Amino acid sequence: MKRFLALSAFCTLCACQTDETISGFTQDGSVWSLKSINGLDFTSTATITFPAKGQIAGAGPCNQYAANQNAPYPWIEISQLSATKRGCADLQQEVQYFTALQGVTLAEVSGGTLLLSNDAGDELLFTLDQADD
């Protein structure tokens, strides 16, 4: 009987943590702003959010985007990235961001910092936007 109760408790705990992707490890509604790519300041504006399990969304310098992400944390695998099709003066930086974003394989959330990286040493550093009071 004790073994059954322990197993039931374990299964219940597992059911509570249904989202093992990065979205389950960030605050609901949190917006992260890109600060640098590979140690170089990102001088345009780009954001990323994790609105629901298996989803990412955000804004590049010119366009809104969305993609899928179903790897369990701390891994990340971004697929099926789609974006609106507006042009702007920062389009080259947007292409750099989208290319780097699709190449990341690891995610690390620590306080107000989000680091997306890969085994080749590429890194995208984000900081958590503070909500207006």
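This is a predicted model: local features need pLDDT of at least 70, side-chain atom pairs count only at pLDDT 80 or more; totals for chains, interfaces and linings use all residues.
**Exercise 1. Faces of helix H2**

Task: Find the span of helix H2 and where its buried residues fall as seen down the axis.

Solution. 
- Step 1. H2 covers residues 91-102, which is 12 residues. From first C-alpha to last it reaches 17 Å, close to the 16 Å expected at 1.5 Å a residue.
- Step 2. The buried residues in H2 are Gln-93, Glu-94, Tyr-97, Phe-98, Ala-100 and Leu-101.
- Step 3. Viewed down the axis of H2, these buried residues fall within an arc of 165°, so they line one face of the helix.
- Step 4. Gln-92 and Thr-99, on the other side of H2, are exposed.

**Exercise 2. Aromatic pairs**

Task: State how many aromatic pairs the structure holds, and classify the pair of Tyr-65 and Phe-98 and that of Tyr-97 and Phe-126.

Solution. 
- Step 1. There are 5 aromatic pairs in the structure.
- Step 2. Tyr-65 and Phe-98 are 5.2 Å apart, centre to centre, with 65° between the planes, and the pair is edge-to-face.
- Step 3. Tyr-65 lies in strand E5 and Phe-98 in helix H2, so this pair ties together parts 33 residues apart in sequence. Tyr-65 is buried, at a relative accessible area of 4%.
- Step 4. For Tyr-97 and Phe-126, the ring centres are 6.3 Å apart and the planes stand at 65°, so the pair is edge-to-face.
- Step 5. Because Tyr-97 lies in helix H2 and Phe-126 in strand E9 (residues 123-128), the pair ties together parts that are 29 residues apart in sequence. Tyr-97 is buried at 0%, and Phe-126 counts as buried at 0% relative accessibility.
- Step 6. Ring pairs link Phe-42, Tyr-65, Tyr-97, Phe-98 and Phe-126 into a cluster.

**Exercise 3. The disulfide**

Task: Identify which cysteines the disulfide joins and describe the link.

Solution. 
- Step 1. The count comes to 1 disulfide. The disulfide joins Cys-62 to Cys-88, with an S to S distance of 1.8 Å, within the 2.5 Å cut-off.
- Step 2. The angle about the S-S bond is -60°, and the link of Cys-62 and Cys-88 is left-handed.
- Step 3. The pair links distant parts of the chain, 26 residues apart: Cys-62 is in the loop between strand E4 (55-59) and E5, and Cys-88 in the loop between E6 and H2.
- Step 4. Cys-62 is buried at 10%, whereas Cys-88 is partly exposed at 33%.

**Exercise 4. Backbone exceptions**

Solution. 
- Step 1. Most residues other than glycine have a negative phi, and most peptide bonds are trans.
- Step 2. Pro-74 sits in the loop between strand E5 (64-69) and strand E6 (78-83).

Terms used: Residues are numbered from 1 along each chain as its sequence is written. Side-chain values use heavy atoms; hydrogens and water are left out. Helices (H or I, at least four residues) and strands (E, at least two) are DSSP runs, numbered from the N terminus. The expected span of a helix is 1.5 Å times one less than its number of residues. Buried means under 20% relative accessible area, exposed over 50%, partly exposed in between (1.4 Å probe, protein chains only). The arc is that of the directions from the helix axis to the C-beta atoms. Rings of Phe, Tyr and Trp (its six-membered ring) pair if their centres lie within 6.5 Å; planes under 30 degrees apart count as stacked, over 60 as edge-to-face and the rest as tilted.
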